[in-house]
Amino acid sequence: MTESKEQEKLLKRINELAHKNKKEGLTAAETRERERLRREYIKNFRETMRSNIEMMRIFDKDGNEVTPEKVREVQRKKGLRDD
């Protein structure tokens, strides 16, 4: 899974703050920024993961579709399936 440029930027800044925290500590503003960035990163990650799962179709070794019904229902609601 490749990360978007936005996610890469968030992660880069989160890591910068983590390194600074280990070396010298963070100001109150930097601590708030780190928490905000972490929440945003996790939110974006979850949205991407959910989208990937909702788009997924699973087949067994014989070629039969075995996608879970719950995922199939979501796909139908989004117009991704016509069965």
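Start by selecting Thr67, which, once its neighbours within four places in sequence are set aside, is in contact with Met56, Arg57, Ile58, Arg72 and Gln75, where contact means heavy atoms within 4.5 Å. This is a predicted model, in which local features need pLDDT of at least 70 and side-chain atom pairs count only at pLDDT 80 or more, while totals for chains, interfaces and linings use all residues. Residues are numbered from 1 along each chain as its sequence is written, and side-chain values use heavy atoms, with hydrogens and water left out.

Staying with Thr67, you will find that residue in the loop between α2 and α3 (69-77), the helices being DSSP runs of H or I, at least four residues, numbered from the N terminus. Thr67 counts as buried because its relative accessibility is 4%, and buried means under 20% relative accessible area with a 1.4 Å probe, protein chains only. Show its side chain together with that of Glu65, since the two make a polar contact at 2.8 Å (a pair of N or O atoms within 3.5 Å, one able to donate a hydrogen and the other to accept it; residues adjacent in sequence count only if both atoms are side-chain atoms).

Next, select Leu10, Ile14, Leu17, Leu26, Leu37 and Tyr41, the 6 residues of the largest nonpolar core, a set of buried Ala, Val, Leu, Ile, Met, Phe, Trp, Tyr and Cys residues joined through side-chain atoms within 4.5 Å. Both α1 (5-23) and α2 (28-55) supply at least two residues of this core, and the largest share, 3 residues, comes from α1.

Finally, centre on Leu17, which, apart from neighbours within four places in sequence, is in contact with Leu26, Glu30, Glu33, Arg34 and Leu37.

Terms used. Buried < 20%, exposed > 50% of the residue type's maximum accessible area, 1.4 Å probe, protein only.
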